[in-house]
Amino acid sequence: MAASASRGRRTSVDIALVIPLSGPAGMFGPSSEACATLAAEDINAMGGILGRPVRLHPVDAGAPLPELSARIDRMVSLGQVDGVVGWHLSTARKVITPHTAGRVPYVYTTFYEGGEDADGVYMIGETPEQQLFPALRWMRSEFGVRSWCVIGNDYVWPRETVRATREYVANTDIDIVGEGFVPLGGRDFAPLLELIGNSSAQGVLLLMVGADGAAFNSAFARAGLDDGRIRLSMMIGEDVLYAGGPDSSRGLYTASGYFESVISPGGMDFGSRYVARYGTFAPALNNIGESCYEGLLLFASLAEAARSLDVRAIERHAERVSYDGPRGEVRVRGSHTTQPVFLADANEFEFSVLAELMS
């Protein structure tokens, strides 16, 4: 009752923007906040959400999980926010959903392991079926890569993605010949490098976060393991390339729903407005930051279609929601979205798109 009264008194739509401002994924925070701020400004320039201006309240997704959980619970229970949007790790999502489910809408912008079904949660990010599996098929078809070693951080997304990938490749001629994990923030890569070097893997599937992925890529190159092996990294942006250095990107590939290099009216317009807003020294524009822009667009589209911020009303109208953004036309299907996914290779500090993947 108190939360409803608090929301009813406000003349703005207040959104908790949950993004990593510290920890291994902290390098993605500046671009995530910049893109989300640009989205809020764009939405407000068009009249806001339900005629009310949008206000963002940044929350550090890299904070200790009990602290993050308590903060979201407090913000929702006291009616300080009308919803949650953001890019963050699955461990953060799992402590957020108990406090948002059935209470406020929650737009999760991260590509993730799949399977999220909490009440009122909508996912912008790609699942393995949309992103990883088509990339593995493309690598098999174009480069003949059929044996993979999986290297990841030791938490929900890598573990569950490996499980799903093993199930997928069981019906193909693709093999996983080894897997190894390191804690978030860990830097002891020697066992992982030895595992790869002693394996028959033609490719390394990299499921590491931010600064951890950059450090591993540098160690991988120094060990000479990039000679004759490719890497497919599923959580990487230009900032990871900068942190890893120019010698760490040989044979490095990724797949995503957004690259700045994709030539499209929406993408080019977004990129030019980002530079105009923040200048040439802005945080690197990447797929992770851009997903936060998409998340705010989706939140606004869901609320406008329902003419309400109520979770139940949004659920009744979500199936007919779509919007045009930097990724082109995005449509809601259930609690997920559909969008093109592209495969790209890294050339020192930038990505070059090679193909559009079909799921």
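Predicted model: local features only at pLDDT ≥ 70, side-chain atom pairs only at ≥ 80, totals over all residues.
**Notes on helix packing and aromatic pairs**

1. Helix 3 and helix 4 run roughly parallel to each other (that label covers angles under 35 degrees; over 145 is roughly antiparallel, 65 to 115 roughly perpendicular, and the rest oblique). Their axes come within 9 Å and cross at roughly 30°, and the crossing is right-handed.

2. Residues are numbered from 1 along each chain as its sequence is written, and side-chain values use heavy atoms, leaving out hydrogens and water.

3. Who touches whom here? On the helix 3 side, look for Leu65, Leu68, Ser69, Ile72, Asp73 and Val76; they meet Thr91, Ala92, Val95, Ile96, His99 and Thr100 of helix 4 (contact means heavy atoms within 4.5 Å). Sorted by class, that contact has 7 nonpolar, 4 polar and 1 charged residues.

4. Now try helix 7 (residues 190–197) and helix 8 (residues 210–222), which pack at about 50° with axes 11 Å apart. That makes helix 7 oblique to helix 8. Leu192, Leu193 and Ile196 of helix 7 and Phe216, Ala219 and Phe220 of helix 8 make the contact. By class, the contact of helix 7 with helix 8 has 6 nonpolar residues, no polar and no charged ones.

5. On to the rings: the structure holds 16 aromatic pairs (ring centres within 6.5 Å; planes under 30 degrees apart are stacked, over 60 edge-to-face, the rest tilted). In one of them, Phe133 and Tyr168 have ring centres 4.3 Å apart and planes at 5°, so the pair is stacked. Phe133 sits in helix 5 and Tyr168 in helix 6, so the pair ties together parts 35 residues apart in sequence. Phe133 is buried at 6% relative accessible area (buried is under 20%, exposed over 50%, partly exposed in between, with a 1.4 Å probe and protein chains only). Tyr168 is buried too, at 19%.

6. Phe270 and Tyr274 give you a tilted pair, 6.3 Å centre to centre with 45° between the planes. Both lie in helix 10 (residues 265–278), 4 residues apart, about one turn of the helix. Phe270 is buried at 0% relative accessibility, and Tyr274 is buried at 2%. Find them again in one aromatic cluster, formed by Tyr258, Phe270, Tyr274, Tyr278 and Tyr293.

Terms used
Axes fitted to C-alpha atoms, helices over the stretch in contact; angles between N-to-C directions. Helix = DSSP H or I, 4+ residues; strand = E, 2+ residues; numbered from the N terminus. Left-handed = near helix turned anticlockwise from the far one by under 90°. Nonpolar A, V, L, I, M, F, W, Y, C, P; charged D, E, K, R; others polar. Phe/Tyr/Trp six-rings, centres within 6.5 Å; stacked < 30°, edge-to-face > 60°.
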